Amino acid sequence: MRILHTSDWHLGRSFHREGLLGHQAAFVDHLLEVVEAERVDVVVVSGDVYDRALPHVDAVALADEAFARLAGSRAQVVVSSGNHDSAQRLGFGSRLMDAAGVFVRTDAATVGTPVMLGDEHGDVAIHALPYLDPSALLEPWGLSHRSHEAALGEAMARVRRDLAARPSSTRSVVLAHAFVAGATPSESERDISVGGVSRVATSTFDGIDYTALGHLHGPHVLADGLRYSGSPLAYSFSEADQAKGSWLVELDAGGFSAAHWVDAPVPRRLSRLTGTLVDLLGDPALADREDDWVQATVTDVPRPARAMEQLRRRFPHTLVLQFPAHVSEGHAPAPPAAGRSDHGVTLDFLEQARGVPASDAESALLLEAVDACCHDPDQDVLVGSPAPAGGA
């Protein structure tokens, strides 16, 4: 059996306000091409089909198209819900979709009941575990404590009871959406920690022929049969150096046999550039970065005017402009001096933050901003300012 392991599609997500639906549609095209070219038998999606519990109608339309096309392909499909998905909405119509070979599992009540598929070597039991919220399952499942470790431990106990009742030749696949110890997160995953703890041990999945993990957006190999595929697209600049794609997994008569990485198409590269504005605009070595999505860290002191405007002349897809902080690390800004005006406090903070004082134009702009914030239209005076001479 040949299994294509994917996860974390996050349909409908944007990247710093850049729409990604067209790029996500291109990934679906790629997925169908891989299914045919690599003779894939099963496509698994380990959670986070959508980016939101209430996905945009265009994202729902793309998911509908993807599942319909996969249902018409040579592969069957097994999908579990992630922490971004609404289990009820993603699972709508799942009993009808089963008949089309698209098995969507979103209900914790189904844990322990596998999707049974087979090949020339016999049965393969695919247990698709939806994202399991420990708080919601604490009482229904009688968990000893509220944690992801406890919830997944109980889920895997149910999986193992099912497998123990089947012939020993039955091979096992588990889909799980979790943060497993030994993997490294990026900046774009939503925190799922409970009581400050989110990780579960790799031993949670011992004895399973292949565990297809979702939630983290970078690919990880925690063991031959325990892997994250990661997301098909980069969703933060912290993922700039990550490979994006899917695992093509092979099961033989004895279980896990091999896994091969399949690169996904890269619609636009991500680049993180650092330097003075002059260097970034003039360095010929950056010519091949001009069409990338760019996060630029400009190191000039003082900060140059219209830096983003100038950067976009060379790098039209610059999405993030940042400057290194100049406040001494580990030291909070000094408290404002007694009697210092609001305008003076803003000038002091600006100088501390970037290392140089405000220009005359900046000072005037800050004064205008302070006046606008403090002006009380009912009194027609500046709150906290001294009363005018001769007045009350």
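**Close-up views of a predicted model**

View 1. The structure is a predicted model. The side chain of Asp292 forms a salt bridge with that of Arg289, with an N to O distance of 3.6 Å. Arg289 is partly exposed, at 28% relative accessibility.

**View 2. Arg289 and Asp288.** A salt bridge also joins the side chains of Arg289 and Asp288, here at 4.0 Å from N to O. Asp288 has a relative accessible area of 48% and is partly exposed, because exposed residues must be over 50%. Which residues are linked with Asp288 and Arg289 in a network of salt bridges? Arg269 and Asp292 belong to that network along with Asp288 and Arg289.

**View 3. Glu154 and Arg161.** The side chains of these two residues, Glu154 and Arg161, meet in a salt bridge with an N to O distance of 3.9 Å. Glu154 is partly exposed at 21% relative accessibility, because the buried class is limited to values under 20%. Arg161, with a relative accessible area of 52%, is exposed. In general, side chains of opposite charge can pair when their charged atoms come close. The count of salt bridges in the model comes to 20, and the bridge between Glu154 and Arg161 is one of them.

**View 4. The buried side of helix 8.** Helix 8 spans residues 307-314, and its residues Ala307, Leu311 and Arg314 are buried. These three lie on the same side of helix 8, because the arc they cover around the axis is only 55 degrees. What do the buried residues of helix 8 pack against? Their contacts are with helix 7 (277-282), strand 18 (293-298) and strand 19 (318-322).

**View 5. The hairpin of strands 13 and 14.** Strand 13 covers residues 220-223 and strand 14 covers residues 226-228. The two strands pair in the antiparallel sense, over three bridges. Two residues lie between strand 13 and strand 14, and the strands form a hairpin.

Notes. Residues numbered from 1 in each chain as written. Predicted model: local features only at pLDDT ≥ 70, side-chain atom pairs only at ≥ 80, totals over all residues. Heavy atoms only, no water. Pairing = 2+ DSSP bridges. Helix = DSSP H or I, 4+ residues; strand = E, 2+ residues; numbered from the N terminus. Buried < 20%, exposed > 50% of the residue type's maximum accessible area, 1.4 Å probe, protein only. Arc of directions from axis to C-beta. Contact = heavy atoms within 4.5 Å.
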